[in-house]
Amino acid sequence: MALLKMLPEHIPLAPGVDLLFLPEPRLKRALLQVDFDLPLDEGCAARTLLAQVLEQGTAAHPSRMHLAQRQEGLFGATVGFGGLRAAERHRMRLQLGWVGERFLPAGEQVAVEVLGLGRELLERPRRGSGGAPFDETVLERERAQLARHIRSFVDDRAGYAEQRFYEAMCSGEPFARAPWGTVEEVEALTAADLEAVREAILQRGRVLILAVGPVERGSLVEALQAWFGKEGGWVGERAELPEATTRMPEALREVREELPIDQARFHLGFRVARPTNSVEMESLLLASSVLGGGIQGRLFRIVREERSLAYGIGSDVLAGKGLLTVGAGIDASKADEVCEEVLRQVTDLAENGPTEEEISMCKASFLNGLQSIADSAGTLARFYAREFQFGLHRSPADRAAVLESLGPQDVQRAAKSWKADTVFLMADPKASIAGSIG
Amino acid sequence: MKIIENIQEPRLQESVLLAESVGGTRIALARTPGYSTCAAFFGLRFGSNHVHFRNPEGKIVHVPWGSAHFLEHKLFEGREEKVFDRFGRLGANFNGGTSFARTSYYFVTSQYFEAATEVLLDFVQDPLITEERVEKEKGIIEQEVRMYEDDPNYRGYFLLLRALYHKHAIRISPGGPVEEVHRTTAADLQACYDAYYRPHNLCLSLAGDFDPEQILAALEPQLQGPRPGTAEAIFEDEPALPAHERLEEEFSVSRPHVWLGWRDPSGPGSGLDQLRHRILSSLVLDLVFEHSSPWYEELYQQGAVDDSFGSQFSCDEDWSYASVEMVTENPDRFLSGVRATVARFAEVGPDASAVERIRRAAWGGAVSSSQTPASLASANLASLLQGTRPFAVLDLLDSIQLDEVAQRAREMFLPE
């Protein structure tokens, strides 16, 4: 099966508002993803709470029940918000999905209605009485719920440990901030605050829209122009977002935190140079894959298979922030052994480079992934959004060509630039910890 | 290779060819023109519940809890070369999974499909299980079990199952307790393999843009010939009523995690009976607990539930229960609110328009579950293992009547 060479059609709708359109009638479901990017700052809590409040109803659908009933009536269409951290941006995502027309009863069409419902959520929220921007009862309930949710985050051991690791490693940098905010920030929010961030998102957020799957171009572009174009009323100054901060470590810091848990959580973070071109990007990703990108990675093969020190261990690249992280669930008494092994493998990769077999297996895995992208609207959207956000604008075939051109020296060069920054261990207070971590 | 049936499903624009190998392995082939990936799922009805059985030779066998899961791990070791390396060279994504009653192995790939299929069939049908290999794996499985044990949702779920059932094997998680993992031997795993991994117990489901006839011809020599004999699982008799009204366990969490379950006295059996039971039960849960439900909306407005709420239904031949869960400082308020709501719902009965709306949404779900070759292959394997025709769910969904839903709601929530 040939690699996808197609690039999505880029349609600028307004300054700072871009649509990437990739019609794919073969797919059964359509996806429309609207990303609003703002700085990862103290506004995160308000945006997270806003998303929850907006999902509680609109002027036309006054409760969450009414919204859900409408989605069921549209053959299980989905309309909802999500929030995530993308380097040092806070990304608020409106995601819409619906079944393609050829799988609906004759004469049924849902795309325009689903799009309208998404817009309605953001533009025509359910207002409170006496001109209040939001219903106070709804706001109070959702504010309390979000605060409870943040307090309970500690129960998600893996997620909590990862966030604490980011806070330790990137202390003082925007990246350390949890994208959902803090309990104190949430509890201080008012209806006026939410209305201000709602307008800020629509007016000042950098907007990237991905439309993928069985989508009809004419009606989609018309609807989006009516929303974000001149007649939509949201044309404004959408400022360029600042680059993520970078810092190179002077020495490896060791941080240990205690939590009553059975399995210790281990993280090791490296600072890496942020890729500035296609070759640097692929070299970094390939090097991370050789280290710990899955079953072909050294960490899986050595730490798990040879030494039985962990069930799951792997590395991950956050290219936009310039981080490479290793994470694992381990026995606390083996923390030193795991740390030493990871550092030994990174050093070996930098000094000796990968073997031909390692390169070959990692490339095979990447190529399989690149060929698989075409089979789902979600993977297509993720791929092209990332390409756009990094300014690379490549097709899967373009990426594969760069990948194929890379050799052991490129991986070695990438690994040489990695600087170990922080080793983090979260373990039970009663656990016996070997050696020096913490 | 015997062709059984070529099923056409015009509503989903899909077709599935059913066949059976000489050895009795059942096969489903779905052609997905224009798609880049191909997927293969290979599985059998043998899971973590099967720790006590009469093997085909008539001998009674007891193995430690977690043996099916341990065996799954060991199959990935391969006979001569690790399966990780073989799939790794092909670039395929692969994994396996063990549940209470099933084990499955799969890969998804966009290249070298035939070679990857050969790897899959080879490692599942020809393992090498030695004491040394079993010993080496114990540390890895212990870490996996401990990872789950640290998850309050996982712990609470099994606490609920221990409250619902007196002796049933589903009280024990598929990984088994750590001490059971450590007492597992190569002989235990070999006994499981010999008893259950027989050609007529295995099901293979493939989906991709391939020529089905060509694939079938290539499969036959790779599938084992007849090896008659059937293992018989031995389960303890399970009383019809729940074991405990309430169970509590101390665990370090920020707020209490609470589960509430309703069990049926017995399981629904197999095949279409099970599928119909599953659909009806899920429909009842959706009617009460989906965001679209006025019953749920009332609980939400009252503050009795919040977004940490979830509901699920689970059944197999010999078990059946529904459950809800929530994280709350006020478990009693949650429990009394939900209990009162389901009792009222069962008495009043479902609203016809709500059933139609959920049926409409379920159609969207059916389309989604056949979106990719991997999801199609997975769904077809589930049908084979369940003993139903692929896509049977669509006709069943259409055929369900309002009074059946009402009757099922009463069974679930107003037991005599």
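Between domain 1 and domain 2 of chain A, the count is 5 salt bridges. This count refers to a predicted model. In chain A, R271(A) is paired with E173(A) in a salt bridge, with 2.8 Å between the closest N and O atoms. Across the interface of domain 1 of chain A and domain 2 of chain A, 9 residue pairs are in polar contact, both residues being at pLDDT 80 or more.

On the side of domain 1 of chain A that touches domain 2 of chain A, two or more residues come from each of strand 2 (17-23), strand 3 (29-39), helix 5 (157-169) and strand 6 (206-213) of chain A. Helix 5 of chain A gives the most to that side, with 10 residues. By class, this side of domain 1 of chain A has 18 nonpolar, 2 polar and 10 charged residues.

The domain assignment places residues 9-232 of chain A in domain 1 and residues 253-427 in domain 2. Taken over C-alpha atoms, the centres of these two domains of chain A are separated by 30 Å. Contact involves 30 residues of domain 1 of chain A and 32 residues of domain 2 of chain A.

Together, the two domains of chain A bury about 2500 Å² between them, with 71% of it on carbon and sulfur atoms. In domain 1 of chain A, the residues that lose the most area to domain 2 of chain A are R157(A), F165(A) and M169(A), together 24% of what that side buries.

Domain 1 and domain 2 of chain B bury about 3400 Å² between them, 67% of it on carbon and sulfur atoms. Of the area that domain 1 of chain B buries against domain 2 of chain B, R11(B), L12(B) and R102(B) supply 18%, more than any other three residues.

## Polar pairing and composition in chain B

For domain 1 and domain 2 of chain B, the count is 6 salt bridges. R102(B) also meets D316(B) in a side-chain salt bridge (3.7 Å, N to O). Polar contact across this interface of chain B is found for 12 residue pairs, both residues at pLDDT 80 or more.

Key. Residues numbered from 1 in each chain as written. Chains lettered and ligands numbered in written order. Predicted model: local features only at pLDDT ≥ 70, side-chain atom pairs only at ≥ 80, totals over all residues. Heavy atoms only, no water. Domains from an automatic or database assignment. Contact = heavy atoms within 4.5 Å. Buried area = accessible area lost by both parts, 1.4 Å probe. Salt bridge = Lys/Arg side-chain N within 4 Å of Asp/Glu carboxyl O. Polar contact = N/O pair within 3.5 Å; in protein donor to acceptor, adjacent residues only side chain to side chain. Helix = DSSP H or I, 4+ residues; strand = E, 2+ residues; numbered from the N terminus. Nonpolar A, V, L, I, M, F, W, Y, C, P; charged D, E, K, R; others polar.
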